[in-house]
Amino acid sequence: MKKADDQLPVNTGRQHANTSRSGTDNVMNNLLESLHHDDFEQLAADIKQSLEAHRHWMQRITTALVARQPLEENQFIAVDAHLHCHFGRWLTKIFQDELFQQGSFLRIEQYHRQLHDAARTLIYQLNHHAEVDIAAFEKFMQLQKEFFDMVMMLFEFSVLNKQQFDPTTRLMNRRSVDSVLANEYSRMQRADDYYCCVAMADIDQFKQVNDLWGHDVGDLLLSHTAKIFNDAIRRHDTVSRYGGEEFLFIFPDMRLEQAGLVVDRIRKQLANSSISHHSHLHSVTASFGVTQLCRHCDIKGSVKRADIAMYAAKESGRNCTVTVDSQAVVGQTSYEHLNKEITELIRQHCKRVAPGTD
Ligand SMILES: Nc1nc2c(ncn2[C@@H]2O[C@H](COP(=O)(O)OP(=O)(O)OP(=O)(O)O)[C@@H](O)[C@H]2O)c(=O)[nH]1
């Protein structure tokens, strides 16, 4: 999605270091990389509160102008009033972090200062019983509109990010990854030589982990797994939390053979890693199923095929990678028709590319 420089874009990809960046401005990319779920929640709450305070301020000014009642309070006439209002204090706070000292945030700061300047001009006229200049009033109203529009975009961006990411792993959630899949699918339909692979990963024996060590350790291992996955993929790949202990990878512009190798490298990285918690080392493995997005079936069909391959990996001992070529079962992989026989057919074409242990 192409956006003008001063617009706040919709997130299009991965959080953390590998966000898919097409169309997002630098400020927003930096935010996506640096903030996590809770920060976006806080950002949205702060913006809402600050905007509310500013609405109240606007209301006081408009009422005073209509009723021709002087406003002598500092918050209306001080030269640095823009620094001391609720919104100004919030901006000062976030500007301490250089992450925010750029692009869209600077524009908002500029509008905010201009809004206070324009208000001061009007209030000066009001307090000195002069005629209120209509051009100055119109400018004030225009600035107000632009300021509110811009801040609302920031608010929506924050809320959107809160909705798009899973709080435990900080990865995209299932709902938002579906739109990434839809984009890839339509890209593939447009170009004959374009390939995209998907992989399903499921943590092995995760119930035992929870039962033995508790849910907190389970959650830690989930976020550890997410970090390993997220750090291991390319900038324009995506990994999402697809279900409880299930992750879905999307590898744009990649053929099956390569995807199988990439995924198996990730599998090994996870298997060889551990986290320390209360002086215990904990680790998990996962089983992986890899396939291509298929031109001849719907998206669900391809994801289902990856899922079946992943279950084949479970059955062949866990901690391994199974690939299945969509070409082998072309024409029969529509999601609606994935009955038992088709599932069996897909399983017959599954290829285990790695031993269970290293
Ligand atoms: N800690 C934690 N556990 C979760 C979360 N989501 C799902 N789980 C647990 O994941 C476990 C999945 O268990 P099963 O579906 O039986 O699978 P498994 O034990 O991983 O066994 P295999 O998949 O066959 O290797 C369940 O115990 C769920 O409670 C979560 O957000 N946090």
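This is a predicted model: local features need pLDDT of at least 70, side-chain atom pairs count only at pLDDT 80 or more; totals for chains, interfaces and linings use all residues.
Visitor: Which residues come nearest to the ligand?
Guide: The shell around the ligand divides into three nonpolar, seven polar and seven charged residues. β1 (196-203), α9 (206-213) and α10 (215-232) each supply at least two residues of this shell. Of the 17 residues around the ligand, those that come nearest are Asp204, Phe206, Lys207, Gly218 and Gly244.

Visitor: How are α9 and α10 oriented to each other?
Guide: Two packed helices are described by the angle between their axes and the distance between the axes. For α9 and α10, the axes lie 6 Å apart and the angle is about 135°. Angles over 145 degrees would count as roughly antiparallel and 65 to 115 as roughly perpendicular; α9 and α10 are therefore oblique.

Visitor: How do the residues of the contact of α9 with α10 divide?
Guide: From α9, the contact involves Phe206, Val209, Asn210 and Trp213, which meet His215, Val217, Gly218 and Leu221 in α10. The residues of this contact divide into five nonpolar, three polar and no charged.

Visitor: How many residues of strand β6 are buried?
Guide: In a regular strand the side chains alternate between the two faces of the sheet. The number of buried residues in β6 (residues 286-292) is seven of seven.

Visitor: Which strand is joined to β6 in parallel?
Guide: β1 and β6 run antiparallel and are joined by seven bridges, with Asp202 opposite Ser287. Four bridges join β6 to the strand that runs parallel with it, β7 (residues 321-324).

Definitions and conventions. Residues are numbered from 1 along each chain as its sequence is written. A residue is near a molecule or strand if its C-beta atom, placed from the backbone, lies within 6 Å of it. Ala, Val, Leu, Ile, Met, Phe, Trp, Tyr, Cys and Pro count as nonpolar, Asp, Glu, Lys and Arg as charged, and the others, Gly among them, as polar. Axes are lines fitted to C-alpha atoms, for helices over the stretch in contact, and angles run from 0 to 180 degrees between N-to-C directions. Angles under 35 degrees count as roughly parallel, over 145 as roughly antiparallel, 65 to 115 as roughly perpendicular and the rest as oblique. Two residues are in contact if their C-beta atoms, placed from the backbone, lie within 7 Å. A residue is buried if 20 or more other C-beta atoms lie within 10 Å of its own, exposed if 12 or fewer, and partly exposed in between; C-beta atoms are placed from the backbone. Two strands pair if DSSP finds at least two bridges between them.
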